[in-house]
Amino acid sequence: MAEFKHKDIIALRDLNKEEIELLLSTAESMREINSREIKKVPTLRGRTIINLFYEASTRTRTSFEIAGKRLSADTVNITTASSSATKGETLADTALNLLAMKPDIIVMRHAVSGSHYFLSEKLPSCSIINAGDGAHEHPSQGLLDMLTMKDKFGRLDGLKVAIVGDITHSRVARSNIQGLTKMGSAVFLAGPPTMMPPGVERLGNVTVCDSMKEAIQDADVVMMLRIQQERQGKTLMPNTREYSRYFGLNPENVKLAKPDAMVMHPGPINRGVEMSSCVVDGDQSWILKQVENGVAVRMAMLYHVCGGELE
Amino acid sequence: MNLLIKGGRVIDPSQNIDAIMDVVVEKGLVKEIGAELTVPAGAKVIDATGKYVVPGLIDMHVHLRDPGLEYKEDIVSGTRAAAAGGFTSVCCMPNTKPVIDNKAIVSYIINKAKHEGFCNVFPVGNITYGMHGERMAEMGELKEAGCVAVSDDGKPVSNSELMRRALEYARGIGILVISHAEELDLVGAGVMNEGLTSTELGLKGIPRVAEDIATAREVMLAEYTNSPIHIAHVSTFGSVRIIREAKARGVRVTCETAPHYFTLTDDAVRGYDTNAKMNPPLREAADVAAIKEGLKDGTIDCIATDHAPHHLDEKDVEFNEAMNGIIGLETSLPLSLRLVEDGVLTLNQLVDKMSVNPSNILVLNRGSLKAGSIADITVIDPAVQWTVEKEKLASKSKNSPFLGWNVQGRASATVLAGKIVYSV
């Protein structure tokens, strides 16, 4: 069995194939715990986890909190509204103050790309897990997406995965590109050229497509990204109506993908913009399974950065 | 005090000299240069065997942060760093607090530099009042007070009509306009060069074209108004091309680049190193190649550091929050000497870019070792190998991406009007 030697999990770019496989297989075994009547094991008893969220989150924060609790860790949530960030304290000072309380793991979401590396350098004795940093990475999302694909296809190698939307501002896309490429999938990207970052095709086995049609044609997986107007500014597209016409997934164009293709979305969904409601709720949708897998994946991440052993 | 600088390789492009010679300094002026000169009575002797002896280096783009931001740097620490880097003259940029848009601030700087400084300080005043980009500063008074150029460095003059009028007015006054060429709408919230690295790191990119468009505008305005303009810190291959073409047409444009733009690419940002964050940002390999080509063919006239000290607290933060800029006075010479090592420039050309050209462009009456010249002289040890270490830098701030680098060559003595202000 491969060993997991990292103190932190900040980016799938930093992990190799074996380490990703290890996290996914641990997540598979964690799922068994989540199906029990008493969903709790003592694995991380006595460990303290701080969920430090500088950006709003429902799914990810809840998922990390449940993951920690199911492993019997003590979890504490800090969101910007209740932290000193609003009083002008620097991230470095916040980090040092938290460290003085001796947490084992800090799970952080932060708007600035790379801030987890900064935090990790300040806190050599504490594990850092990235719950999303700017437009950089969202490794737990990438892992849970891969786990969900593996559930359906039993493999990741050789899959055609289409990712459609605002790639430039998407940390989900980057983590998926980094992870899927290492696992042998081929990633096809589509979106308006205003939302396609330069050089993205050099990040791995990535093809930038001229149209959505080209990307989803015969795809095994169609992953739609949320249009995040709050991050985009006003110059990237005319409006969501036109965006939806060219880059929205609907019952018609979804047929271009393979008949058994799975449809995914990291949430929260803008229904009627990037996906029509009937696709969101349709037979091919794996969106709620993604959320379910999120807990298992995060349990695996917490478990491995603690370097413990499964009982 | 009299001085004899003995047996060095004297490189003085103003006289086409490159030979082993002695330099005699008397009363602050170069008295004589020649082979095997006799030691004047009572003269101090600098043995320059194996060293280069060149007209004092001039850095025409430095932020001394004084007045107002002395926690980053001040005139004393900044000029000490300059002297240690081999510079006898620096031009200080006006984004101080308050800005340099009036005579009082200019006088303060000149007086403080004269009494407490370690090199000449030539202030650059503002183009616009308050550096607000709305109306012209009193350029005539600024020039009379001692400013050698005007610039709103750190900010572009976005209003093209105002820039046009500033160029015309400055031509009348006889003062050079230095442009910080940047189109702000295209920069947006960018924090590094836009390219593969920004995509991978998920950092918002600044496209090259943000600089190119502004450079093109400045060149066109200078051409239309028949006025001189100097473009600061050129970093893109596009800007180099635009300036090269403009020079060929006879446009009165000069420009500078900084050592980091011919030494580093945006790969240095990997790891989110805030000491690799500056404006304009580090670009890519094609830009570095074009900058070197521009230096070689004369498109780029000067090497200036854009020495931009920042306190540790302003750099020890998340990447987006970090201030732009790096210090450069003490690393410029070894990094620039690499250009000679790599065959990009001859030693003569290097001295042109670091002394002769800035003096000519700004009319500083320096950059020469002719008899009768002010004896600003730099003695360079080209062979010494050293490591850039925080603790040994004279600058108050330590924000350099070159910390830990092993480099070769540095000033072994810096002579200001005949007085040794620095020696190892």
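What we have here is a predicted model, in which local features need pLDDT of at least 70 and side-chain atom pairs count only at pLDDT 80 or more, while totals for chains, interfaces and linings use all residues. Residues are numbered from 1 along each chain as its sequence is written, chains are lettered from A and ligands numbered from 1 in the order in which they are written, and side-chain values use heavy atoms, with hydrogens and water left out.

Let me begin with empty space. Rolling a probe the size of a water molecule over the atoms shows where empty space is left. On a 1 Å grid over the protein atoms alone, a cavity is a set of points where a 1.4 Å probe fits but cannot get out, whereas a pocket is an open set with protein on both sides within 12 Å along at least five of seven lines, and lining residues have an atom within 4 Å of a point. Grid points are joined across faces, edges and corners, and a volume is the space filled by probe spheres set on the points.

The largest pocket has a volume of about 990 Å³. It is lined by 41 residues, of which A:H169, B:A189, B:G190, B:K204 and B:G205 are the closest to its centre. The helix α5(B) gives the most to this lining, with three residues.

The second largest pocket holds about 710 Å³ of space, and among its 34 lining residues the closest to the centre are A:R59, A:R226, A:P266, A:G267 and A:P268. Which element gives the most to this lining? That is α11(A), with five residues. Domain bounds come from an automatic or database domain assignment, and chain A is divided into domain 1 (12-137 + 294-305) and domain 2 (139-291). Both of these domains of chain A give residues to the lining of the second largest pocket, so the pocket lies between them. The C-alpha centres of the two domains of chain A lie 25 Å apart, and their contact (heavy atoms within 4.5 Å) takes 29 residues from domain 1 and 28 residues from domain 2.

A:N270 itself lies in the loop between β9 (262-264) and α10 (277-280) of chain A.

About 60 Å³ of space lies in the largest cavity, and its lining includes B:H180, B:E211 and B:R283. B:E211 is also in contact with B:S239, as are B:D212, B:T215 and B:V234, leaving aside neighbours within four places in sequence. B:S239 lies in helix α8 (residues 237-249) of chain B. Is B:S239 buried or exposed? Buried means under 20% relative accessible area, exposed over 50%, and partly exposed in between (1.4 Å probe, protein chains only), so B:S239, at 0% relative accessibility, counts as buried.

Finally, a nonpolar core is a set of buried Ala, Val, Leu, Ile, Met, Phe, Trp, Tyr and Cys residues joined through side-chain atoms within 4.5 Å. In the largest one, of 67 residues, B:V90, B:I127, B:I231, B:V253 and B:L295 touch the most other members. Domain 1 (3-52 + 374-423) and domain 2 (56-362) of chain B both give residues to this core, so it lies between them.

Technical notes:
Helix = DSSP H or I, 4+ residues; strand = E, 2+ residues; numbered from the N terminus.
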